Amino acid sequence: GHDYAAVGSAEEALLAVGREAFSLVISDVNMPGMDGHQLLGLFRARQPQLPVLLMTAHGAVERAVDAMRQGAADYLVKPFEPKALLDLVARHALGSLAVEGEGPVAFEPASAQLLELAARVARSDSTVLISGESGTGKEVLARYIHQQSRRASEPF
């Protein structure tokens, strides 16, 4: 019940995600050329909101922990039941968030105010400094400001 696009390598995945919006990326770890961990790092840098699910037949705990620290949505060890994969797709797919121009979801009033402020700043020609602890979403906020700005069609 899900639309998908299959590609043969990490390099092809990068090109596909550059051409169209996806709700989730599922990648094997062991591939010729770039491996799944390297692909995950590139997606975290380019599209931090895009969930990436890694799977492997060689389930080393250290690699799985490393992938989760690097920002993987989840880590599946093969063989796995199809239902396990479908449950993870349902849990992690962004759905409408992958649409260009939409951004982070804010549940707390303070977060909603921050997004309103970010949208106002994006309409101005101001320089912005975003500071905070590691993992708090600074890059997500920066990309949101860029998406809302007049320069959204230019490189981030």
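Biologist: Which exposed residues sit on the face of helix 1 turned away from its buried side?
Modeller: Leu-15, Gly-18 and Arg-19. This is a predicted model, where local features need pLDDT of at least 70, side-chain atom pairs count only at pLDDT 80 or more, and totals for chains, interfaces and linings use all residues. Residues are numbered from 1 along each chain as its sequence is written, and side-chain values use heavy atoms, with hydrogens and water left out.

Biologist: What do buried and exposed mean here?
Modeller: Buried is under 20% relative accessible area, exposed is over 50%, and partly exposed is in between, with a 1.4 Å probe and protein chains only. Helices (H or I, at least four residues) and strands (E, at least two) are DSSP runs, numbered from the N terminus.

Biologist: Which residues of helix 1 are buried, then?
Modeller: In helix 1, residues 10-19, they are Ala-10, Ala-13, Leu-14, Ala-16 and Val-17. They lie on the same side of the helix because they cover an arc of only 165° around the axis. The arc is taken from the directions from the helix axis to the C-beta atoms.

Biologist: What covers them?
Modeller: The cover includes strand 1 (25-28) and helix 2 (36-46).

Biologist: And helix 2, which residues are buried there?
Modeller: Gly-36, His-37, Leu-39, Leu-40, Phe-43 and Arg-44. Down the axis of helix 2 these fall within an arc of 155°, so they line one face. They pack against helix 1, strand 1, strand 2, helix 3, strand 3 (74-77) and helix 6 (138-148). Contact means heavy atoms within 4.5 Å.

Biologist: Which residues touch the most other members of the largest nonpolar core?
Modeller: Leu-39, Phe-43 and Leu-54, out of 19 residues in that core. Helix 1, helix 2, strand 2 (52-56) and helix 3 (61-70) each give two or more residues to this core, and helix 1 gives the most, with five. A nonpolar core is a set of buried Ala, Val, Leu, Ile, Met, Phe, Trp, Tyr and Cys residues joined through side-chain atoms within 4.5 Å.

Biologist: What does Leu-54 touch?
Modeller: Not counting residues up to four places away in sequence, Leu-54 touches Ser-27, Val-29, Gly-36, His-37, Leu-40, Ala-67, Asp-74, Tyr-75 and Leu-76. There is also a second, separate core of seven residues, including Ala-118, Leu-141, Tyr-144 and Ile-145.

Biologist: Back to Ser-27. Buried or exposed?
Modeller: Ser-27 counts as buried because its relative accessibility is 5%. Ser-27 is in strand 1. Leaving aside neighbours within four places in sequence, its contacts are Gly-36, Leu-39, Leu-53, Leu-54 and Met-55.

Biologist: New topic. How much space lies in the largest pocket?
Modeller: About 790 Å³. A pocket is an open set of points on a 1 Å grid over the protein atoms alone, where a 1.4 Å probe fits, with protein on both sides within 12 Å along at least five of seven lines; lining residues have an atom within 4 Å of a point. Grid points are joined across faces, edges and corners, and the volume is the space filled by probe spheres set on the points.

Biologist: Which lining residues lie nearest its centre?
Modeller: Tyr-4, Ala-5, Phe-22, Leu-24 and Ile-26, from a lining of 28 residues. Helix 1, strand 1, helix 2 and helix 4 (82-92) each give two or more residues to the lining. The lining divides into 20 nonpolar, five polar and three charged residues. Ala, Val, Leu, Ile, Met, Phe, Trp, Tyr, Cys and Pro count as nonpolar, Asp, Glu, Lys and Arg as charged, and the others, Gly among them, as polar.

Biologist: Where is Phe-22?
Modeller: In the loop between helix 1 and strand 1. Phe-22 counts as buried because its relative accessibility is 19%. Its C-alpha atom is separated by 9.1 Å from that of Ala-5, 17 residues apart along the chain.

Biologist: Which residues does the cis peptide bond join?
Modeller: Lys-78 and Pro-79, with omega about -5°. Pro-79 is in the loop between strand 3 and helix 4. Most peptide bonds are trans.

Biologist: Overall, how many helices and strands?
Modeller: Six helices and three strands, running α-β-α-β-α-β-α-α-α from the N terminus. Buried residues make up 30% of the 156 residues.
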